Amino acid sequence: MQLIGILCSTGAAFFWAAAVIMFKKSGEAFSPMALNLFKGVVTLLLLVPTLWFAGVALFPVRPAHDWVLFCISGFLGITLADTFFFMALKRLGAGRWAVVDCLYLPFIIFISTLFLNESIGLKGILGALLVIGAIGADACSKSSVMMSRKDFWLGLVFGVLAVILIAGSVVMVKPLLEETSVLWASFVRLLAGVAGLIVIAVIHPERRVILGALMPSSAWKIVLPASIVGNYMAMLAWLAGFKYTLVSVAAILNQLSTIFTFILAAVFLKEPVTPPRMIAIVMAVSGALLAASAV
């Protein structure tokens, strides 16, 4: 089971990195909320028959506490966190997002310390500070991916919010994942996340534009495979990793997405590989691993 968890967590990192590149491209056609709603609906449509084929009931008899906790997790991790992620990605670019994403591991270990009695210690704190330093080093990178100071700081704030919410949303359901079907957990979280997005979209001033993303268009050539790889495949692998191995181990392997994203952004998005950015990536990954060694 540990091996399954390791493979799933590593696979989730690669799937997500590939999707980030595709989402960056599709973000040129869709707004962050429209993109989030589209990927959520696509994944939900894929999950329902998946549960049916696997013989997993969509609405089993479970304690109300379980339903509420998974729904809150979905709202925080999908409705809010993924929208913030797309807002950050649009402003920062894939390479710079990869550096910010390294905050995921220190945050998830810190939250695990608070709620799951896992210890972080001085190494964990130093690791988090090293990742923060990496973000500063990357900000000094003179790249062709130009952006205003406003976009940089807004992207950074949205990125940090996304990482905190994602980390919190999975840690809060970790105890339940040990005795719950990964498919069902994914379905409930996604159902709650999509429901939250639809409610927000309906009352949003630009609801026609947001809901219009669900209508067929040329942008689907990129956003559809991105949704399948980055949400359906990556989400199942991500939750399975947390189910079959320790939170800290799964989080460490998830962090490989930073390296994958950095490489894929350079190859497919032609984002420059500058010395400051290389230093930032090394600092960020080192900080994440240092935080992990504290567990």
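1. At what angle do α2 and helix α9 (residues 182–203) pack, and how far apart are their axes? The angle is about 145°, and the axes are 9 Å apart. Here axes are lines fitted to C-alpha atoms, for helices over the stretch in contact, and angles run from 0 to 180 degrees between N-to-C directions. α2 passes α9 in a left-handed crossing; a crossing is called left-handed if the near helix is turned anticlockwise from the far one by less than a right angle, and right-handed if clockwise. On the α2 side the contact includes M33, N36, L37 and G40, and on the α9 side it includes L183, W184, S186 and F187. Contact means heavy atoms within 4.5 Å. By class, this contact of α2 with α9 has 18 nonpolar, five polar and no charged residues. Ala, Val, Leu, Ile, Met, Phe, Trp, Tyr, Cys and Pro count as nonpolar, Asp, Glu, Lys and Arg as charged, and the others, Gly among them, as polar.

2. Basis of the note. The model is predicted, with local features requiring pLDDT of at least 70 and side-chain atom pairs counting only at pLDDT 80 or more, while totals for chains, interfaces and linings use all residues. Residues are numbered from 1 along each chain as its sequence is written, and side-chain values use heavy atoms, with hydrogens and water left out.

3. Overall composition. The protein has 14 helices and zero strands. Helices (H or I, at least four residues) and strands (E, at least two) are DSSP runs, numbered from the N terminus. Of the 295 residues in the protein, 53% are buried, where buried means under 20% relative accessible area, exposed over 50%, and partly exposed in between (1.4 Å probe, protein chains only). The accessible surface comes to about 12900 Å², and carbon and sulfur atoms hold 75% of that surface; such areas come from the Shrake-Rupley method with a 1.4 Å probe, and for residues only the protein chains shown count as cover. Among contacts with a separation of 6 or more, 90% are between residues 24 or more positions apart.

4. α2 against α11. Helix α2 (residues 32–54) also packs with helix α11 (residues 220–244), at an angle of about 55° and with the axes 9 Å apart. The two helices are therefore oblique to each other. Angles under 35 degrees count as roughly parallel, over 145 as roughly antiparallel, 65 to 115 as roughly perpendicular and the rest as oblique. The crossing of α2 past α11 is right-handed. Among the residues that make the contact are L35, F38 and K39 of α2 and W220, V223 and L224 of α11. The contact of α2 with α11 divides into 12 nonpolar, five polar and one charged.

5. α1 against α11. The axes of helix α1 (residues 2–26) and α11 come within 7 Å and cross at roughly 155°. α1 and α11 are therefore roughly antiparallel to each other, and their crossing is left-handed. The residues of this contact divide into 20 nonpolar, seven polar and one charged.

6. Two residues of α3. T79 has its place in helix α3 (residues 64–92) and, at 2% relative accessibility, counts as buried. Not counting residues up to four places away in sequence, T79 touches N36, G74, A192, G193, G196, L197 and I200. W67 is also found in helix α3. With the C-alpha atoms as reference, W67 and A192 are 9.8 Å apart in space and 125 residues apart in sequence. W67 touches L58, F59, P60, R62, W184 and V188, again not counting residues up to four places away in sequence.

7. I166 in α7. I166 is found in helix α7 (residues 149–171). Its C-alpha atom is separated by 8.6 Å from that of S73, 93 residues apart along the chain. Leaving aside neighbours within four places in sequence, I166 is in contact with G77, A81, D82, Y104 and W238.

8. L105 is found in helix α5 (residues 104–115) and counts as buried, at 0% relative accessibility. L105 and G127 lie 22 residues apart in sequence and 9.3 Å apart in space, C-alpha to C-alpha. S31 lies in the loop between α1 and α2 and is partly exposed, with a relative accessible area of 23%.
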